[in-house]
Amino acid sequence: MLTPPTDNLYKFMAIFGLVIVFSSATFWWKASDEFDQFFESNTDYVNNIFKGGDAYEKFADETNKGIEIYNSVRGDWSKLTEQKKEELAIIVKESEKLRDEADQIINGNPAKRIALQSRTERYQLAKVVSFIGIALGSIVSALGFFLWHTRLQKYIDDLHRNQNV
């Protein structure tokens, strides 16, 4: 059985830091793999999200056309011609239809949307925790190796060199 090196604090810091780095990297790898598996098992829903995004883009384009018409008379409805008012009414009707279509695509399965959002948040948290662990482990390990070398190993090496002379 492996036992931690308790004979020297610096050696313990160096090895413990490495353990933190490797365990954090493994934790992130496992979280990333789990996140990928979730996406692969729900590809239809994920693809629908992109379709919903396209529908929202069409909705935004239609809405922008209406805004351009309205802004062309500086917001004065009375200055619009009947033709422009009819065109604006058609645009509003079309944009409402597109908005409803996009909402239906995106909100078609609220359970999967919530699960996707939850998995995404968990993955982001796992990534942050892992990177903090990797950074902290690297610092502790580097500090442990540095102190071990400068405060202990250098003198042990000198002692061995002097004994062999």
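Predicted model: local features only at pLDDT ≥ 70, side-chain atom pairs only at ≥ 80, totals over all residues.
Residues are numbered from 1 along each chain as its sequence is written. Local features need pLDDT of at least 70 and side-chain atom pairs pLDDT 80 or more, while totals for linings use all residues, and side-chain values use heavy atoms, without hydrogens or water.

The largest pocket holds about 190 Å³ of space. A pocket here is an open set of points on a 1 Å grid where a 1.4 Å probe fits, with protein on both sides within 12 Å along at least five of seven lines, and lining residues have an atom within 4 Å of a point. Helix 1 (9–41) and helix 4 (110–164) each give two or more residues to this lining; helices are DSSP runs (H or I) of at least four residues. Helix 4 gives the most, with six residues. Among the lining residues are F27, E34, R119 and Y123.

Helix 1 also holds S24. With 10% relative accessibility, S24 counts as buried (under 20%; exposed is over 50%, and partly exposed lies in between, with a 1.4 Å probe and protein chains only). Beyond its neighbours within four places in sequence, S24 is in contact (heavy atoms within 4.5 Å) with S130, G133 and I134.

Four aromatic pairs occur in the whole structure, counted when ring centres lie within 6.5 Å; planes under 30 degrees apart are stacked, over 60 edge-to-face and the rest tilted. W28 and F131 form a tilted pair, because their centres are 5.0 Å apart and their planes stand at 50 degrees. This pair links W28 in helix 1 with F131 in helix 4, 103 residues apart. F145 and W148 are stacked, with 5.9 Å between centres and 20 degrees between planes.

Key:
Points joined across faces, edges and corners; volume = space filled by probe spheres on them. Phe/Tyr/Trp six-rings, centres within 6.5 Å; stacked < 30°, edge-to-face > 60°.
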